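Biologist: Could you walk me through this model, please? I have a few questions ready.

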Amino acid sequence: MKNNIFCLLLTSFIFLSCKQESKEGINSETTNTSEVVVQSKVKGCGYTSLIEIEKNFLPAEDRVNQIVENIVSYSGLPNNFKVYRADYINNAFATIIDNERVIVYDSKLFNDVEWYSDTFWTSVSILAHEIGHHLSGHTEDNLGSVPLKELEADKFSGYVLYKMGATKEQALKAMKLIGSVNDTQTHPSQTKRLQAIEEGWDNSNNQRYKSALPPAPNYLTSDFYVFKKEMVINNDLLELNPSWFEDNGDLYGVITETDNDFRGFSVRIINSSEQFKKYFRNIEDEDWGLSIESPHFGSNTEMCHACASNLKYLLQPGRRIKFKMVESLPDHGTSLNGVWFLTYLEVLPANYFDKLPK
Ligand SMILES: [Zn+2]
């Protein structure tokens with residue numbers, strides 16, 4: 001019920017059209033410490049509609065400055081935004097004034113959405129949307145909102161809210177409250193915008209299980225991304241017991257955890273060869289612990305010094321790998337039963353499993 005009343009309130013918005021391409025300069029000057037006078041019109045990418053106004057701005061509340069600072073920190077970029085308050089716009093917008101990136105918001109709108117949604121994430125998601133406009137370069141042409149830009153800013157909002165700890169529902173809440181049901185000339189419908197926020201949130205979530213490959217130090221990527229048994233098993237063991245280390249078949253997975261001393265790691269098994277299933281059993285979708293037999297990369301392995309440090313660098317959560325393993329080691333009786341040793345490792349591109357057939 002709360003939501004319905006609020007939607008009614010918002011339908012009384014005055015949509016400020018902004019199709020003219022006036023590129024009037026914006027002269028802002030400070031008349032006193034608490035008020036900025038904007039003498040000519042300012043046009044911007046509004047959250048719910050295109051904005052063109054000619055009024056005064058007030059300094060932003062500390063709380064809102066802090067939220068902006070927090071959002072921007074998750075982008076890794078400097079916070080070079082000026083934030084102002086304008087409590088008559090029933091909106092928030094991003095624009096450039098005097099070559100500075102500006103965000104203007106209505107504190108009444110923020111109070112309302114927070115009250116109706118019972119969460120401060122609604123205001124955060126609106127501010128994130130406006131920051132998304134700036135970071136995507138949408139404000140540079142000074143033309144304001146177009147549908148494609150809006151979806152890009154929505155996607156960023158969902159993306160960064162995940163990083164900040166919001167649930168998907170919290171990331172979507174503001175749009176559910178105040179998004180326009182139908183497409184307008186400048187803004188896509190609520191349904192499309194909710195999809196964009198969701199897509200951003202999902203992408204961010206998926207990144208937890210991805211990590212980019214560093215560029216190989218030379219053009220022979222196999223030297224640095226492929227680790228054969230001669231490199232990860234002590235060579236005396238290999239020579240004395242060659243049959244023990246025969247190929248059991250390929251496995252594919254994502255590293256989920258790595259020991260600090262690189263003696264082992266955990267991997268979520270995504271796919272496996274028929275050969276391995278016959279040799280052992282199907283372990284797809286299981287979390288599996290692996291040990292590395294030669295963790296110190298001593299003289300008795302075939303691993304070059306650079307390869308060894310690269311292996312450490314590559315063993316990190318999120319990495320996609322193809323690998324082989326063998327249970328126990330020769331001459332250990334049953335003491336190492338259930339302990340699996342890595343005999344082959346190949347590092348795969350971050351998007352590898354996205355391409356695998358289901
Ligand atoms: Zn927008």
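Here are our questions and answers on the model.

Modeller: A quick note to begin: this is a predicted model, where local features need pLDDT of at least 70, side-chain atom pairs count only at pLDDT 80 or more, and totals for chains, interfaces and linings use all residues. Residues are numbered from 1 along each chain as its sequence is written, and side-chain values use heavy atoms, with hydrogens and water left out.

Biologist: Which residues coordinate the zinc ion?

Modeller: Donors are N, O and S atoms within 2.8 Å of the metal (3.2 Å for Na, K and Ca), and water is not among the atoms, so sites may look incomplete. Along the chain, the zinc donors follow the spacing H-x3-H-x16-E. At 2.0 to 2.1 Å, the zinc ion is coordinated by His129 (NE2), His133 (NE2) and Glu150 (OE).

Biologist: Are histidine 133 and glutamate 150 buried or exposed?

Modeller: Buried means under 20% relative accessible area, exposed over 50%, and partly exposed in between (1.4 Å probe, protein chains only). By that scale, histidine 133 and glutamate 150 are both buried.

Biologist: What is the relative accessible area of threonine 139?

Modeller: Helices here are DSSP runs (H or I, at least four residues), numbered from the N terminus. Threonine 139 lies in the loop between helix 4 and helix 5. Threonine 139 counts as buried because its relative accessible area is 5%.

Biologist: How far apart are the C-alpha atoms of threonine 139 and isoleucine 96?

Modeller: Along the chain, these two residues are 43 residues apart. Their C-alpha atoms are separated by 6.4 Å.

Notes
Helix = DSSP H or I, 4+ residues; strand = E, 2+ residues; numbered from the N terminus.
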